[in-house]
Amino acid sequence: MKRDFGTLGSIELLHADGDEAHIADIAGVCVGREMDARERPKLIRHLLDSGHMTPFEFCNITLLVECPLFVRSQWHRHRSWAYNEMSRRHIDASNARFYTPTNLRYDHRLSVREACDEAMSHYRRLVQDGVPMEQARMVLPQNMLTVFAARTSLRHALDFLRLRCSSHAQGEIRTFAMALVDLLEPRYPTVMRWFTEQEV
Ligand SMILES: Cc1cc2nc3c(=O)[nH]c(=O)nc-3n(C[C@H](O)[C@H](O)[C@H](O)COP(=O)(O)OP(=O)(O)OC[C@H]3O[C@@H](n4cnc5c(N)ncnc54)[C@H](O)[C@@H]3O)c2cc1C
């Protein structure tokens with residue numbers, strides 16, 4: 001399952017394991033009995049309301065994210081996730097894509113596209129002149145897209161969503177976070193319904 005955001009990038013759910021039956025089974029260990037399927041939504045909501053979060057650590061998700069470098073920097077502050085990112089030491093950036101919003105949140109005459117073209121021509125010239133890619137990349141702007149795989153548990157995904165779906169988060173990372181809610185909803189419907197009911 002994938003969501004595309006034009007020049008901003010994309011997010012794809014590569015893998016998810018465990019489901020709400022599994023979360024209920026793990027929670028059932030606490031009380032020494034199996035949970036009936038009909039009890040499940042109520043139990044899951046109770047766990048979430050009371051902050052009993054360890055059963056949600058038994059489900060894991062893996063994402064493939066394409067996003068600007070500045071969104072990547074914000075995302076990678078979430079240390080409870082595992083990341084594996086493309087290397088611009090080894091992958092030539094000459095054909096890299098840039099996030100070029102048509103409307104900046106402040107009316108400005110500077111063309112983002114022109115700034116990127118200029119930076120890219122500097123990059124290409126440096127590489128042609130023999131400067132290693134690992135150094136030449138320093139002239140490239142923060143809106144260049146990168147790609148990383150990311151893995152975390154459902155528990156830490158919820159922490160991420162709480163912080164990054166918030167109106168305090170920057171709009172660009174919020175776009176990814178909101179899409180992640182949609183991507184997780186089919187597999188964890190009670191959890192995601194609970195999350196969307198919260199005020200974040
Ligand atoms: C709106 C917003 C603005 C922000 N602005 C800035 C900013 O200006 N500058 C900046 O540097 N960051 C900023 N951040 C990043 C923020 O400080 C967190 O680093 C980020 O949101 C990840 O949250 P976390 O540490 O809870 O997540 P994770 O790193 O995933 O950690 C999850 C939980 O594990 C525990 N944990 C993980 N590592 C440690 C540790 N080393 N020691 C103790 N407990 C640990 C904590 O309980 C933590 O809540 C901002 C975040 C948001 C949402």
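Start your tour by selecting Gln74, which lies in helix 3. Helices here are DSSP runs of H or I with at least four residues, strands are runs of E with at least two, and both are numbered from the N terminus. What you have open is a predicted model, where local features need pLDDT of at least 70, side-chain atom pairs count only at pLDDT 80 or more, and totals for chains, interfaces and linings use all residues.

**Stop 1: around Gln74**

Contact means that the C-beta atoms of two residues, placed from the backbone, lie within 7 Å. Then draw a line from Gln74 to Ser111, 37 residues apart along the chain; their C-alpha atoms are separated by 24 Å.

**Stop 2: the whole chain**

Zoom out and colour by secondary structure. Along the principal axes, the C-alpha atoms fill a box of roughly 70 × 35 × 25 Å. Of the 200 residues, 25% count as buried. Among contacts between residues at least 6 apart in sequence, 73% join residues at least 24 apart.

**Stop 3: the sheet**

Select the strands next. In what order do the 5 strands form the open sheet? The order is 1-2-3-5-4, and the pairing is antiparallel. Strands count as paired if DSSP finds at least two bridges between them. At the edges are strand 1 (2-4) and strand 4 (82-85), each pairing on one side only. Neighbouring strands are turned by 15° against each other on average, direction ignored. Angles like these run from 0 to 180 degrees between N-to-C directions, using axes fitted as lines to C-alpha atoms, for helices over the stretch in contact.

- Strand 3 pairs with strand 5 over 9 bridges, in the antiparallel sense. Here Leu64 has Ala149 of strand 5 as its bridge partner.
- Strand 4 pairs with strand 5 over 4 bridges, also in the antiparallel sense. Tyr83 has Ala150 as its bridge partner in strand 5, and Ala82 stands opposite Arg151.

Now show the helices again. Helix 7 lies across strand 1, strand 2 (10-17) and strand 3, at about 35° to strand 2.

**Stop 4: Ala16**

Select Ala16 in strand 2. With 19 C-beta neighbours inside 10 Å, Ala16 counts as partly exposed. Ala16 touches Ile61 and Arg187, not counting residues up to four places away in sequence. Arg187 is 171 residues from Ala16 along the chain, yet their C-alpha atoms are separated by 8.1 Å.

**Stop 5: the core**

Which residues touch the most other members of the largest nonpolar core? Among its 38 residues, they are Ile44, Leu154, Ala157, Leu161, Phe176 and Ala177. Such a core is a set of buried Ala, Val, Leu, Ile, Met, Phe, Trp, Tyr and Cys residues joined through C-beta atoms within 7 Å. Centre on Phe176: Ile11, Val65, Cys67 and Val71 touch it, not counting residues up to four places away in sequence.

**Stop 6: the ligand**

Select the ligand and the residues around it: Arg77, His78, Arg79, Ser80, His156, Asp159, Leu163, His168 and Ala169. A residue belongs here if its C-beta atom, placed from the backbone, lies within 6 Å of the molecule. By class, this shell has 2 nonpolar, 4 polar and 3 charged residues. Ala, Val, Leu, Ile, Met, Phe, Trp, Tyr, Cys and Pro count as nonpolar, Asp, Glu, Lys and Arg as charged, and the others, Gly among them, as polar.

**Last stop: Gly130**

Finish at Gly130, in the loop between helix 4 (112-128) and helix 5 (133-136). Gly130 is exposed, because it has 7 other C-beta atoms within 10 Å. Pro41 is 89 residues away along the chain, and the C-alpha atoms of Gly130 and Pro41 are separated by 61 Å.

Methods: Residues are numbered from 1 along each chain as its sequence is written. A residue is buried if 20 or more other C-beta atoms lie within 10 Å of its own, exposed if 12 or fewer, and partly exposed in between; C-beta atoms are placed from the backbone.
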